[in-house]
Amino acid sequence: MSALASPQRAEVDVSRPAEVVLRVRDVRKTYGPFGNRVLALDGISLEVRRGEFVCMVGASGCGKTTLLNLIAALDRPSRGEIAIDGRASLLFQEAALFPWLTAAGNIELPLRLAGLTRHDRRREVERLLELVHLGDFGDKRPHELSGGMRQRVAVARSLAQDAEVLLMDEPFGSLDAMTRDLLHDELERIWREAGLTVLFVTHDVREAVRLGDRIVVLTSRPGRVVDEFPVDLARPRNIASPEVGDLAGIVTQRLRAEVRRHADD
Amino acid sequence: MTERVIRPIGSRLDDELRGMDNLELPLTPRRDRLAAIWAGLWPKLAAIGLALLVWQLVVWAGFRPVYVLPGPLVVLERLAADLAGSDLLRATAITLQRAVIGFSLALLIGTALGLAIVRSLRLRTAVASLITGLQTMPSIAWFPLAILLFGLTETAIMFVVVLGAAPSIANGLIYGVDHIPRVLLRAGTVLGARGVARYRYVIFPAALPSFVGGLKQGWAFAWRSLMAGELLVIIAAVPSIGVRLQFAREFSDAPGLLSTMIIILLIGILVDLVVFGTLDRAIRRRWGLLEI
């Protein structure tokens, strides 16, 4: 167990309620100079159980990205604690592959940083490329791949870190609908095969219903958890099905109410 | 009854992903290599031909006597003779050796300086604008000081060559690091690249394109400084391209002078094209910044 990104480095016992793998407790984040601070997150609390697929939705300014950065230890919370059991890896909207490396080279980098031998690295890269269905594309450079392929390489690169928790920041936001549909299927399959835990941030409510076991709704300015919707629909779900549409409608109403609150800001 | 093959759902997803991936890949028509080389070559040949023609026309116009301004044919004949002999080769070897040593020193110093500035905000505030200032300073202005400090020696030449090239190299590195997309730095951090590994696997490769740009510019400055140095700092009994230039002027040997100038131009172009051009193209092709 490791406590990451907590200012006090407090040992939070995440193992007791046996399955909690990520715990965010009362996290607050402020930006800017003293006296002119902006409150981005105000007392966010969240628990994600092992193997769970949690989607987080919110209007603009809800601090989704800020929260993921805190969980990925790219930034420190002003207050509160974040504890992760295992390793978390953050995926960006733009895939953020290194343009000077091939697809295989990108996946290999975290293995290299972890000090694996050349032989082990090659085997692992091959396995991961197969896992994301890109076995034939290992020697391609990022610019030679499509947006969807790049995102799959990014997923494989995160898995190469031995990440058990994937933090995804609108990873499919810039893809066309067809590609996105297929990647939903693909992500769901990888999630199940690799036994991952996923925290998936999106502004697309239907996407959240398509993928999530649970949907967490955030308020905006400051970000705070206001509501939670369990998704009790059988998998694999069809994003165009009426059941998905119905629940998406309910969640959207909740989000709209939240946006109305800011009408007179 | 026909037999129907029932395939599992997983394999349908496989097929769909594969099909989509194949559709998304751009179809790149193969280009004829020879045609590509020719397409790059003929404009250059045409330009050279045109320049020779203009030169010949100026000579024919006769506003200077031919022993002062000889025509291209005479000069090219002289160039061929020079290239066949050993004097020019010996002089060129010494000059190139100086260029390589000077540029290597500038590379070391410029890179170290650039790295130090990239790492320290305070150092940057202190000297970054000074470096740009040094870059704009004509290298020939350093020679009086260099000669005063080191006399008519190799050291004086090296001193100025390094001063000419190092700022460009440092600036290329600084600019490159400053313009790394933030998301790549964050990705590096997420992947666990820290300390030296962060520089080796993320920062340096990301800054490489503009670092090579800095090297290219540094080479141009180094070559110019070296030529100025060899004209001003003449070391007894050591031949060099600069010395040939100086002697040709003193003996009013116009064809020799022009033939040496052509050598200077050719070396400058060749190094830029072959060394840095190849490096630059390789990097841009990797990054997908190059057509073809």
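1. The contact between the chains takes 25 residues from chain A and 24 residues from chain B, two residues being in contact if their C-beta atoms, placed from the backbone, lie within 7 Å. The model is a predicted one, in which local features need pLDDT of at least 70 and side-chain atom pairs count only at pLDDT 80 or more, while totals for chains, interfaces and linings use all residues. Residues are numbered from 1 along each chain as its sequence is written, and chains are lettered from A and ligands numbered from 1 in the order in which they are written.

2. On the side of chain A that touches chain B, strand 5 (88–91), helix 2 (103–113) and helix 5 of chain A each supply at least two residues. Helices (H or I, at least four residues) and strands (E, at least two) are DSSP runs, numbered from the N terminus. Helix 5 of chain A gives the most, with five residues.

3. Chain A is assigned domain 1 (1–87 + 164–265) and domain 2 (98–162); such bounds come from an automatic or database domain assignment. The centres of these two domains of chain A, taken over C-alpha atoms, are separated by 26 Å.

4. Between the domains of chain A, 11 residues of domain 1 are in contact with 12 residues of domain 2. Helix 5 (residues 177–193) of chain A provides four residues, the largest share of the side of domain 1 that touches domain 2.

5. In helix 9 of chain B, a kink of about 55° lies at B:Leu208, shortly before the proline B:Pro209. The bend is the angle between axes fitted to the seven residues ending at a residue and the seven starting there.
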